[in-house]
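Dear colleague,

I am handing over the structure below, and my notes on it follow. Please read them with the structure open beside you.

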There are 8 protein chains.
Amino acid sequence: MDLGRLEKLLSAYKKDELGLTEAARQISELHFEDVGYARVDHSRATRQGFPEVVFGAGKTREQVVGIVERLAKHSPNLLVTHTDEGTFGEVRNIVSEAEWHESARLIRIQRDTSELGVGEIAVVTAGTSDIPVAEEAALTAEAMGNRVKRVWDVGVAGIHRVLAERSLLQSARVAIVAAGMEGALPSVVGGLVSVPVIAVPTSIGYGASFGGVAALLGMLNSCASNVTVVNIDNGFGAGFVASLINRKWEPV
Amino acid sequence: MDLGRLEKLLSAYKKDELGLTEAARQISELHFEDVGYARVDHSRATRQGFPEVVFGAGKTREQVVGIVERLAKHSPNLLVTHTDEGTFGEVRNIVSEAEWHESARLIRIQRDTSELGVGEIAVVTAGTSDIPVAEEAALTAEAMGNRVKRVWDVGVAGIHRVLAERSLLQSARVAIVAAGMEGALPSVVGGLVSVPVIAVPTSIGYGASFGGVAALLGMLNSCASNVTVVNIDNGFGAGFVASLINRKWEPV
Amino acid sequence: MDLGRLEKLLSAYKKDELGLTEAARQISELHFEDVGYARVDHSRATRQGFPEVVFGAGKTREQVVGIVERLAKHSPNLLVTHTDEGTFGEVRNIVSEAEWHESARLIRIQRDTSELGVGEIAVVTAGTSDIPVAEEAALTAEAMGNRVKRVWDVGVAGIHRVLAERSLLQSARVAIVAAGMEGALPSVVGGLVSVPVIAVPTSIGYGASFGGVAALLGMLNSCASNVTVVNIDNGFGAGFVASLINRKWEPV
Amino acid sequence: MDLGRLEKLLSAYKKDELGLTEAARQISELHFEDVGYARVDHSRATRQGFPEVVFGAGKTREQVVGIVERLAKHSPNLLVTHTDEGTFGEVRNIVSEAEWHESARLIRIQRDTSELGVGEIAVVTAGTSDIPVAEEAALTAEAMGNRVKRVWDVGVAGIHRVLAERSLLQSARVAIVAAGMEGALPSVVGGLVSVPVIAVPTSIGYGASFGGVAALLGMLNSCASNVTVVNIDNGFGAGFVASLINRKWEPV
Amino acid sequence: MDLGRLEKLLSAYKKDELGLTEAARQISELHFEDVGYARVDHSRATRQGFPEVVFGAGKTREQVVGIVERLAKHSPNLLVTHTDEGTFGEVRNIVSEAEWHESARLIRIQRDTSELGVGEIAVVTAGTSDIPVAEEAALTAEAMGNRVKRVWDVGVAGIHRVLAERSLLQSARVAIVAAGMEGALPSVVGGLVSVPVIAVPTSIGYGASFGGVAALLGMLNSCASNVTVVNIDNGFGAGFVASLINRKWEPV
Amino acid sequence: MDLGRLEKLLSAYKKDELGLTEAARQISELHFEDVGYARVDHSRATRQGFPEVVFGAGKTREQVVGIVERLAKHSPNLLVTHTDEGTFGEVRNIVSEAEWHESARLIRIQRDTSELGVGEIAVVTAGTSDIPVAEEAALTAEAMGNRVKRVWDVGVAGIHRVLAERSLLQSARVAIVAAGMEGALPSVVGGLVSVPVIAVPTSIGYGASFGGVAALLGMLNSCASNVTVVNIDNGFGAGFVASLINRKWEPV
Amino acid sequence: MDLGRLEKLLSAYKKDELGLTEAARQISELHFEDVGYARVDHSRATRQGFPEVVFGAGKTREQVVGIVERLAKHSPNLLVTHTDEGTFGEVRNIVSEAEWHESARLIRIQRDTSELGVGEIAVVTAGTSDIPVAEEAALTAEAMGNRVKRVWDVGVAGIHRVLAERSLLQSARVAIVAAGMEGALPSVVGGLVSVPVIAVPTSIGYGASFGGVAALLGMLNSCASNVTVVNIDNGFGAGFVASLINRKWEPV
Amino acid sequence: MDLGRLEKLLSAYKKDELGLTEAARQISELHFEDVGYARVDHSRATRQGFPEVVFGAGKTREQVVGIVERLAKHSPNLLVTHTDEGTFGEVRNIVSEAEWHESARLIRIQRDTSELGVGEIAVVTAGTSDIPVAEEAALTAEAMGNRVKRVWDVGVAGIHRVLAERSLLQSARVAIVAAGMEGALPSVVGGLVSVPVIAVPTSIGYGASFGGVAALLGMLNSCASNVTVVNIDNGFGAGFVASLINRKWEPV
């Protein structure tokens, strides 16, 4: 919430420049805008440092476009995840800066490109098939003002591949590691660096991989202490948290 | 690894002051010390910013004490988790500064109390029964040079309790949230703050809580984008990662 | 069963106005009508206060229409759930009052609109994607004679959204809360109100949501004592039970 | 929360009879009392019509007794569940009216015995082994001002047993049904009555009952529309919700 | 295996009328015929009283037809399950007596209609949607020489429906009960009869029915002692075993 | 139920020799005797051909003894399963013929030893550790009037062991096969015989046997069509159903 | 890695014939070639005795073809698994020796047909439907220089079928056994031979086979000590390991 | 089976020196000795190259000792796994060469120490807590005539530890890798060597390790193609198969 605006409203109310009902209405509009099927949240940027991402799956195209329209008025940068190219076409009609990223199936609007991080974010995959999820993480991190280094296809069965990238990994402020199958790469990366590692299990694999469950369990049980985990295929979440870790921070 | 020492060894080898075999032996000793049942790792402090924690479960008392003895020579601060008071008795014979923390069932040696963080770490629980796991996190974070604020018993069924602590939460650099049962508190805290939230599912509950699985799944599926998750009851891991996030950091 | 009719049959039998075989046949017809593939149940309205809902999935279109045809003769109000628009077309040929509800994929026949409840029923969703399930609940409750208040998209990651609806929630006789992902909203609503909360897990989510299992487990483990749970995506069941709770009731 | 008291505080604050800090402190105390390891919640009686039950498992005996001591000052009736006879001994030293119920392993303090319900609550078990959970439900319902009828050992493999209790079941305002193994009894009871049925899976069984999971799944998939479910062995929750359903209610 | 033929071969071998190699070949052909992708088993009729059913799923149409062609030469009756109408078309070209059963998706060849059972087999379903699986059982039992009574849609939520069929059920030698959702009907039927009940879980249901797992677990945990269980949707297996139970039997 | 006695009561009622209330009471007593914690069922012998077995687990010793006392008055044969030697001591005080079977942990009272079966029942185990469960099945079958042949330790890894017992198996009317670990033996036995095979998974094994789940799944998926399955470790159920299959049967 | 080439590079570096940067680049190219979306690994042939198989699923057709193009330059033999005929068309444009294997959905390039094994590899299936997975294993083993014997459709329900192949099985150096459903065949084969058996669970089955999980668990719990297991449907892995076991081996 | 002895028996039978019954008895005794609770298998040494290991769990001490007594007469080497020191005491009374191995909880009798392998077997653990399972594997391999190299505590979070043992690993004929938690070490070792790797998941870990399931899934999904898996904690099985792989082998 915009605290300056809130304080003004409260002062006006105490001084009786504003009635109770009107004060309540204006305060509640600081928070979100009710469009029927959704409460569009204009205060989240303040609360979490970024506008609400629009999760496209399970919403009609009209709902997605409607939400984007409202959010784009207040927020320079915006992501729509789990969406399709048809929706992108309609979004671009509203916001011409919108870009379509095929591998991550994601719409990105990035009108503010200020750098906000203290260092770089490394995004790593075990295999070629994990790239779409990793791209979702990387695009999110860039949209949130970070420099990103991509390291693809360095899975543990050829351990020399990840060792060859050791110095790149050790120079990052935080690492994101996407892996399917046995999900072992975050443990190895975790042992090589002294910063947080965000592990993203992917649904890549077959048989007893159970759509990413094997990788998820592997990561939750990592013997490296600096590993935390997000949901299966949740590249967005990994990019979001990595951005918060990399962000310049001052005690309030 | 001690890079200065390594460079000296390599120079000596190139100048033939050191033979190949001897160089290899000395380099490998920089890494770890083999005590038969364990490879005691003196370089992890460099690699991850902290000595290896000793996970007590599944090791004999003799093994735990033996490993502590070696680690304590190189490292001022040290943790033994999942242990018991009898082991503590023997550890204190070796390192008099060792403290026993009953609720977390943890031995802590903290001879260096320098503050290393840029802000504070909030450690939060949903219920009274989650305190042991949260204490493990808090004690770990303190051992790694952080100031910690504890907030106990603010579960979501009485939402006013966590709202009453909103400003405390919003002033932290990172929050750790431990919860059992449905594990909903991290989502609520995640929505209130704009920093990373590390969620720790606890095995508190009964019936369909399945020893923490319900809480774990709840946290992995959190609708708050700033939540990452560690293993069930893994207070140590949460405290460790929170410390890395809070640590002052300079690009190398 | 129509108890008055039953008593008449039994008297006639005792007075030998009716033979044993004929009495048995007539009594059994009070219960249900056998149409080969189904036993159409005309007595359920008496037993449970509402005609049998027709669960469309797994039945052929002919079977659905045949069952509706028989039920519509005895019952003014009727629901067909988990069905499609084609079936609706054929049902409307038989019962012109039939309405099609696209988001819930449900046919409703509501020829009796008497109000039967003592208060209102609040129907709440965590997100936009949960609306179809919640609509199924709301439409059911309306068909059973209740006033319904809909509250969409007030999930816990923006806790101010549900708090803003607190007074609406607190004035209801019973609340239905539909949520996917971590399923945390029923606990929060449960803590805000002093009436029963019926939690409906939805299959919304991905990865470790396991088609609604994460939400289901979260709700079963709710720390709010006034929460009970129905099956994943079972909006109908939630609406049905809420109607029974809200119904005027007199001891017999 | 005590709304009258709150309004007085707010008026005093607006009239500047109370400073901001003092107003905040007094308002927050309306909510709960912080005793270090727990936030004792004095307002829940208002919010949910009953004092917070104390869940004994996972708390030390000292914690349980401390919480009871504070709650008993404000609330005439009180339950401690999942506890033991030793704790009861200490609780009775503080509150002499405390009773110990061995089969449910529950302490009950019931100083107010006013009847608050509109009808009766039927509590039913499938087998003898389900009685402890059902007793927890029945004792809870009595503590909340209800008349309870107990019907033990009427499982579906001898269907005549439950049919023999049909009229008793049909006269209740709400039924609680506890069953282990296949958990089929709630469906049968649900078909016999036209009021809500609260199903409680119990952990009774062996092999593929998986500690109550088979019964839980059976109940969630009940073909009777008036069945809702609580957690495995959660007799307290069932009794709590049944009490809210049976409670006299007036629109506010 | 044809024991008479085997004894002749062995005699011939002992009398040296047949060499070792030739004897082995002829004995092994008594067992099965190797057609490359399958070992067509001509001896199973002797070993189990019925020719091998052809499980259509996972085989190419050519493989199914090829196997049927060989089996039909030795066996008057034959079933192809989990198949489609196109395959039926080709099978009918080979065996003109083949019949297509749409609801069970099964081809039946029944050239021998002798009655082999001592009594009747009751086949029962909980709902209309369970009929396809139950038909597979009934058609199998008929193909194996049994009289079958079908009882559809008598699920436990309307317990009077199954009670109305009590005498029919009690006159059968064995009962097959197919049910999805909570799978409770076998327990009720098991309590009504004193013969074996073969329970068939069906994959009917949604949400926490997990494709028939809830019904399967319910049946495995049945409190009726005369219930055994076959795999989910395995109507064929149920019909097969029921036929073996109903078969006239003489000690050998 | 005793049908002769029932007809007499109904006649007396119709002739008004018996009032409605008294008739109802006497009819209901035909069914069961209510002893508070249990409904002792005197009619099950008629309904299922055997008195109710007493499942000892989850009942107090007093409850078990009380139920046995009542059942033993009406029924010559009786089993108490999942019990202990102390309970046996008290049962023997009431019924001197009671026997204690240590390996199956079962009390058997067998005062009627008439043979009721048409053939023999084979009881087979894969390993030595499966014997306790198999003994429960064998003792049950004997108590129900059957001759039993025991075949221990013929698991599939030494296939010659079960082949050596082929003729014994092929002469039985029904076979019970108990196996833990991979549970493969029922499939092999099923292929050797042409009668029903009742598979009993045992909880023998470790690691991924998951307390019998691996064996249970193996048996449910058996490629032998004559296999049905009971719950893990449910020797009693297997013996019960096998007895019903082996029983002489006449169409009614 | 090519150790001879590596030693030359290191000598040159020590003699300063090669600068540090250039030495590093050349050494790292010994390992793999970075093509953007993949690190093509030219050293795996040395490390594991075979070029990297290309797992087709989850990669675009362009990626598969690009990787094959690079690998085919260094390696005479090559496999692409989990692919389709369209991709095969493009691969054949690059490498004319490529063959398409429809049942295994696999591309094989086999330009070197030297025999490398000490004996033969037996590949066995339980049913006809398991052939595609078994073919993947057999084709892999042939590509790695082995003679393979195929034995199809010898599942345990007709135990004489596998016994008939006993001598063939006993002459192999290693056996691969593919089975779905209950997965019992590897245990039986394991008991017949004295060499390693590699069990491959297949996803063949329905209901409680859970896509191969039942077979997987059966195999992991095999009572035959010479059985190890690979992932569900992982024919390639089984063929690969069998080849390593069969390979001529000399101590280094 | 002793084929020479079998051929003699068959000749004698054909020449009528031996009757049918006597021949059958003598042939069947070649296979196993029936001691009531077990079929002691004297032919397995021939079939699998080693006497049957005695799995101690689930057998009484008397049963274990009885089986050992019989096996020790025919077999110089023998293992009893999952046993205790008390049983060892009794076994040593019978076979004085018996040794007790505390960490593996295993009795070993090794009277024949001939070396039977072509190379060495490397046994590797990820952590100190995995040593008991790895010791079971190592002791088994030694009992089967192999030289074993033990490598303890080289888990992937400190990747330099396993790299330091690379040459030792690369000189082995086969590697056994035991790991709990995420079970990632076999993939890394698999990438370093070109021989088969047998992965043993251990039950070490907590929370979402689910008693070894996380490690098991990780290993089954290994991206290294040369990895096969045995059951959780099955050190014996791993040692057994590794011995068969390492064994000198000649085509028959």
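In these notes, contact means that heavy atoms lie within 4.5 Å. This is a predicted model, in which local features need pLDDT of at least 70, side-chain atom pairs count only at pLDDT 80 or more, and totals for chains, interfaces and linings use all residues. Residues are numbered from 1 along each chain as its sequence is written, chains are lettered from A and ligands numbered from 1 in the order in which they are written, and side-chain values use heavy atoms, with hydrogens and water left out.

I begin with Val229(D), which lies in strand E11 (residues 227–229) of chain D; helices (H or I, at least four residues) and strands (E, at least two) are DSSP runs, numbered from the N terminus. Val229(D) is buried, with a relative accessible area of 1%, where buried means under 20% relative accessible area, exposed over 50% and partly exposed in between (1.4 Å probe, protein chains only). Not counting residues up to four places away in sequence, Val229(D) touches Leu220(C), Thr228(C) and Val229(C), as well as Ala199(D), Pro201(D), Leu216(D), Met219(D) and Leu220(D).

In chain G, four strands form an open sheet in the order E3-E4-E6-E5, with mixed pairing; two strands pair if DSSP finds at least two bridges between them. Strands E3 (54–55) and E5 (99–101) of chain G stand at the edges with a single partner strand each, so one side of each has no neighbour in the sheet. Strands E4 (residues 77–81) and E6 (residues 106–110) of chain G pair in the antiparallel sense over four bridges, and Asn77(G) stands opposite Gln110(G) in E6(G).

Helix H6 (residues 131–143) of chain F has 13 residues. Eleven of these 13 residues are buried, so H6(F) is largely enclosed by the rest of the structure; among the buried ones are Glu135(F), Glu136(F) and Thr140(F). Just after H6(F), Gly145(F) takes a positive phi of about 90 degrees.

In chain H, Asn146(H) sits in the loop between helix H6 (131–143) and strand E8 (147–151), and it is buried, with a relative accessible area of 7%. Its side chain makes polar contacts with the side chains of Ser243(H) (2.9 Å) and Asn246(H) (2.8 Å); a polar contact is a pair of N or O atoms within 3.5 Å, where within protein one must be able to donate a hydrogen and the other to accept it, and residues adjacent in sequence count only if both atoms are side-chain atoms.

Strand E10 (residues 197–201) of chain H has five of its five residues buried, so it is largely enclosed by the rest of the structure. Val197(H), Ala199(H) and Pro201(H) point one way from E10(H), and Ile198(H) and Val200(H) the other way. Strand E9 (residues 174–179) of chain H runs parallel to E10(H) and is joined to it by five bridges, with Pro201(H) as the bridge partner of Ala179(H).

With best wishes

Note on methods:
The expected span of a helix is 1.5 Å times one less than its number of residues.
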